[in-house]
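Biologist: I'd like to learn how to read a model like this one. Could you walk me through it, one feature at a time?

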Amino acid sequence: MKPLGPIPPYFETIDGQLAIGGKTASALVKEAGDTPLFVYSKDAILRRITELRDALPDRVRLHYAMKANPYAPLLEFMADHVDGLDIASGGELEQARGAGYLPREISFAGPGKRDRELFAAVRAGVTLNLESEGEGERALDAGKALGIAPRLAIRVNPSFELRGSGMKMGGGAKPFGIDEERVPAFARKLVDAGANWRGFHIYSGSQALDADAIIESQANVLDLAARLGKEAGVPVPHLNMGGGFGIPYFDRDTPLDIAAIGAALKSQFADLPQILSETNFAIELGRYLVGEAGVYLTRILDRKISHGTTYLVTDGGLHHQLAASGNFGTVVRRNYPVAIANHFGAEPAEEVNVVGCLCTPLDRLADQAHLPRADVGDLVAVFCAGAYGASASPATFLGQGAAREMLV
Ligand SMILES: *Cc1c(COP(=O)(O)O)cnc(C)c1O
């Protein structure tokens, strides 16, 4: 038997079934028309945002990193509850505009921005987080061509990294950001060239569950931003401090201690260097805001036994849930939280392997899981499906197509 990850605390049981937003899994599937189906809970997202705002100093603005989940109704919903949006492509810029975000609330990071994306961003008045000097020169050229002072910030490649983070995005050679030693000279140059200078973006990793690691990284970010601003002789109007807040996906993962992070930030803010005294601070979060609010529902198509092992074969799989299958940046595959949605809370009765419908051994949703007895027609729920699910999985693989999605 292999353990399952912890089921997030946002769901209830109605008539023996998993319920999301007050509706049972089978009612939701009926309403959507079919499985596979992603359901995202507004209530779970709001509870998460409220907890965060209660813990963090008022001075920190909350940005949503939309790559975690760009589903249009969810994106529109988030617009009413966060203070800014972080995007990473021209396509996301269009989706963000469509969802009603104001350009000055949007910042655009990401290596490899095309000229047409830079032009679109400058024209719209979106802040560009520059990933290289070359990109900065092209952004200045776009500004000149359009007669607009471009809103420019520098994404710094810091020499430190976020300890214990799932995906490292700072420290050493990276395709992201400008190495910290070269930042002061380039910041000076951008200001002298007449850019609308916005400050720094320092992002050092993601999926950290250790509050101390985040506290340490945030202290490093504040020190570095102050030092870079002083060395360059430029103000720091805005500082995007990154994020990296993780969620528990696997057995023995524990939730992040937000209160500790908030308390540490409050004391750091009480004692800021002069150069950061007027700065607007933001943190950018993706999975922490929406990850636990999503459930992926899929139906059992076949129940079979091979060499004594029971397989529940579902109509879903890695084409919607690459991360849960263990193929999105994991070294050792571990089980996400999984349940039989229409026997929610029933006692586990057998050990099964839950697999998807794709013709590849990579398509696994739960290995050696201890679950209640389930048969053809029952619904399997995969939790922690609100981030890096539908949009981060190869939906066209094997001609399967997209999953349905719903915000309730
Ligand atoms: C992906 C990304 C995020 C969001 O990461 P999460 O782990 O989902 O919070 C935030 N900022 C940047 C720059 C990113 O690339």
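**Reading the model together**

Modeller: Let's begin with the ligand: of the 11 residues around it, Lys67, Glu284, Gly286, Arg287 and Tyr388 come nearest. A residue is near a molecule if one of its heavy atoms lies within 4 Å of it. Please keep in mind that this is a predicted model, where local features need pLDDT of at least 70 and side-chain atom pairs count only at pLDDT 80 or more, while totals for chains, interfaces and linings use all residues. Residues are numbered from 1 along each chain as its sequence is written, and side-chain values use heavy atoms, with hydrogens and water left out.

Biologist: Into which classes do the residues of the shell around the ligand divide?

Modeller: There are 5 nonpolar, 3 polar and 3 charged residues in that shell. Ala, Val, Leu, Ile, Met, Phe, Trp, Tyr, Cys and Pro count as nonpolar, Asp, Glu, Lys and Arg as charged, and the others, Gly among them, as polar.

Biologist: How are two packed helices described?

Modeller: By the angle between their axes and the distance between the axes. Here, helix α2 (residues 42-55) and helix α9 (residues 258-269) pack at about 35°, with axes 8 Å apart. Axes are lines fitted to C-alpha atoms, for helices over the stretch in contact, and angles run from 0 to 180 degrees between N-to-C directions. Helices (H or I, at least four residues) and strands (E, at least two) are DSSP runs, numbered from the N terminus.

Biologist: Which residues of α2 and α9 meet?

Modeller: Glu51, Leu52, Asp54 and Ala55 in α2 meet Ile258, Ala259, Gly262, Ala263 and Lys266 in α9, where contact means heavy atoms within 4.5 Å. By class, that makes 5 nonpolar, 1 polar and 3 charged residues.

Biologist: In which sense do β14 and β15 pair?

Modeller: Two strands pair if DSSP finds at least two bridges between them. Strands β14 (residues 294-306) and β15 (residues 309-314) pair in the antiparallel sense over 6 bridges, and Asp302 has Val313 in β15 as its bridge partner. Their hairpin has 2 residues between the strands, and His307 there takes a positive phi near 50°. By contrast, β15 and β17 (residues 350-355) run parallel, joined by 4 bridges; Leu312 stands opposite Val354 in β17.

Biologist: Where is the cis peptide bond?

Modeller: Look between Thr35 and Pro36, where omega is about -10°. Pro36 is in the loop between α1 (25-32) and β4 (37-40).
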